Amino acid sequence: MSNTAQSERKTYPRSLKGKVALVVGGAGAIGAATSRMLAAAGATIVVTHMDTERDTQAAKTLIAELGAPHAAYVANVVDTASLVALRTVLEKEHGRLDILVNAAGFTKPVPHADLDALTDELIDLMLQVNWRGQFATVRTFAPLLKASGDGLVVSISSIAAFTAIGSSIAYCAAKAGIDVMTKALGRALAPEVRVLAVSPGVVDTEFVPGRSADFNDKVMASTPLKRIGDAEDIAAAITACATMLGYSTGHIIQVDGGRAL
């Protein structure tokens with residue numbers, strides 16, 4: 001490594017100017033907030049979204065807000081072929097990839113005691129989207145991240161991974177898998193790529209359907225910081241991974257207001 005590169009790494013916060021960041025699931029609340037913050041730090045943003053009217057419109061609105069040269073493309077983490085196709089587009093249009101944010105996710109609330117409601121089909125879908133899809137995304141883009149020489153992967157985990165309190169047992173298990181994957185890939189992809197995970201508590205988004213109107217109030221009362229998180233709290237932690245935590249890899253960063261204490 002050159003002296004110049006070493007000097008840049010030791011200057012904090014690190015500028016993301018000239019970096020390309022891929023935010024998978026960028027049409028969602030956390031993905032969009034992260035895209036805005038990484039763009040403000042200097043990165044060129046590429047977001048992926050599902051091929052639905054709602055997600056397409058959300059992605060278009062985000063990119064219109066950010067302006068050129070930021071871009072959005074359709075991709076599905078369950079469909080590896082779509083990820084490979086996106087890699088080709090990235091290589092052609094941007095020529096590099098420095099940051100990968102795994103923000104795609106899915107859940108459906110199932111009471112933990114209702115074992116029959118957690119069907120094989122739902123378990124498979126939960127693991128496909130929340131674990132296999134995250135790994136497939138890293139696997140697909142690892143060559144570009146390695147070529148960067150200073151690559152970064154940040155996956156979205158959850159404190160459900162170790163509290164076992166979450167929307168379903170399958171969701172908790174999938175997030176526990178993200179934590180293990182983060183540690184394993186932190187070793188496997190070093191030194192060219194750092195791998196981190198951000199582990200939120202309850203976040204005020206529409207990610208978990210069917211929450212009652214008083215859910216947030218109950219969570220706030222039982223959280224030491226007396227509020228629930230918002231998308232910007234999680235985005236700030238992800239941005240810190242890119243700009244401040246240059247000597248960290250294989251770790252899970254909790255952003256939960258102390259809820260897991």
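Which residues have the most contacts inside the largest nonpolar core?

1. This is a predicted model, where local features need pLDDT of at least 70, side-chain atom pairs count only at pLDDT 80 or more, and totals for chains, interfaces and linings use all residues. Residues are numbered from 1 along each chain as its sequence is written, and side-chain values use heavy atoms, without hydrogens and water.

2. Leu38, Ile45 and Ile238 have the most contacts inside the largest nonpolar core, which has 32 residues. Such a core is a set of buried Ala, Val, Leu, Ile, Met, Phe, Trp, Tyr and Cys residues joined through side-chain atoms within 4.5 Å. Buried means under 20% relative accessible area (1.4 Å probe, protein chains only).

3. Several elements each supply at least two residues of this core, among them β1 (20-24), α2 (29-40), β6 (193-200) and α9 (231-243). Helices (H or I, at least four residues) and strands (E, at least two) are DSSP runs, numbered from the N terminus. The largest share, seven residues, comes from α9.

4. Take Ile238. Leaving aside neighbours within four places in sequence, Ile238 is in contact (heavy atoms within 4.5 Å) with Ile30, Thr34, Val101, Val154, Ile156 and Val198.

5. There is a second, separate core of 26 residues. Val20, Leu90, Leu97 and Met181 are included in that second core.

6. Now the helix pair. α4 (residues 80-93) and α5 (residues 120-148) pack at an angle of about 25°, with axes 9 Å apart. Axes are lines fitted to C-alpha atoms over the stretch in contact, and angles run from 0 to 180 degrees between N-to-C directions. That makes α4 roughly parallel to α5, a label for angles under 35 degrees.

Definitions and conventions
Buried < 20%, exposed > 50% of the residue type's maximum accessible area, 1.4 Å probe, protein only. Parallel < 35°, antiparallel > 145°, perpendicular 65-115°, else oblique.
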